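This report describes how parts of a protein chain pack against one another. Please keep the sequence and the structure in view while reading.

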Amino acid sequence: KEEGIPAHNMALCTLGTFILWFGWFGFNCGSTLAWDSSNAAHVAVTTVLAPSACCVTGMFVTRFLTKHWNLPQTLNCVLGGLVSITAGCSTLKPGMAVVAGIIGAFVYIGSSKLIKKIGVDDPVDAIAVHGFCGAWGVIAAAAFADEDLFRGAYSDKECDFSAGKNLSWGLLGIICIIGWVSAFAIIVFGVLLKLGKLRLDSAEQENVDESEHGVAAYNLMK
């Protein structure tokens, strides 16, 4: 049975999302450790458009599916849009950045439901946001890239612009990332499982803050 973990303060969740979004400008615009004014300006535009499109699309799709305006889902769509545009932030035209964000909303919502359906314990939808939307972002960067932006963002000497070739390399990269992460996750979590350190015991589950740190995180009236 699915059991949600509701946020204790949606205002703080919203603030945190906008802080992440603001930080993403530095991450995307300055990811090459250099500031190319025209390229950085274009990256800033796509870093606004994709998450905005993903946010609005996800908000209305969730409303259609659940009959409610779901703020946590909408905030996760913002993050999904940011992840979806990161790989292609410098090579997608503004219009395609919007398309990448719209598709990213469906990728996030669908993968979130899939993860819950197969019983994976992911209360904050990290796999849907960073895994599935990240994979979509790699595909979008290859499928939607503009040749002029591509060569301007990188270099004719370093890049061979070919949508089919770039898509093939992107898919190979996704497979390699999944393989690398899965292998190390199995090793690390397997060892923790054998040592009995992977999950909390029954006493810790009652109040892990008090059992580990000697004080409750929230002193709420009961």
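## Basis of the report

Contact means that heavy atoms lie within 4.5 Å. The model is predicted: local features need pLDDT of at least 70, side-chain atom pairs count only at pLDDT 80 or more, and totals for chains, interfaces and linings use all residues. Residues are numbered from 1 along each chain as its sequence is written, and side-chain values use heavy atoms, with hydrogens and water left out.

Beyond its neighbours within four places in sequence, Tyr108 is in contact with Gln73, Asn76, Cys77, Asp125, Ala128, Val129 and Cys133.

The largest nonpolar core has 16 residues, and Tyr108 is among those with the most contacts inside it, together with Val78, Leu82, Val83 and Val129. Such a core is a set of buried Ala, Val, Leu, Ile, Met, Phe, Trp, Tyr and Cys residues joined through side-chain atoms within 4.5 Å; buried means under 20% relative accessible area (1.4 Å probe, protein chains only). A second, separate core of 11 residues includes Val43, Ala50, Ala97 and Ala140.

## Ala53

Ala53 lies in helix H2, residues 37-66; helices are DSSP runs (H or I, at least four residues), numbered from the N terminus. Is Ala53 buried or exposed? Ala53 has a relative accessible area of 12%, and is therefore buried.

Not counting residues up to four places away in sequence, Ala53 touches Val98, Gly101 and Ile102. Ala53 and Ala105 are 52 residues apart in sequence, yet their C-alpha atoms are 8.2 Å apart in space.

Key:
Helices (H or I, at least four residues) and strands (E, at least two) are DSSP runs, numbered from the N terminus. Buried means under 20% relative accessible area, exposed over 50%, partly exposed in between (1.4 Å probe, protein chains only).
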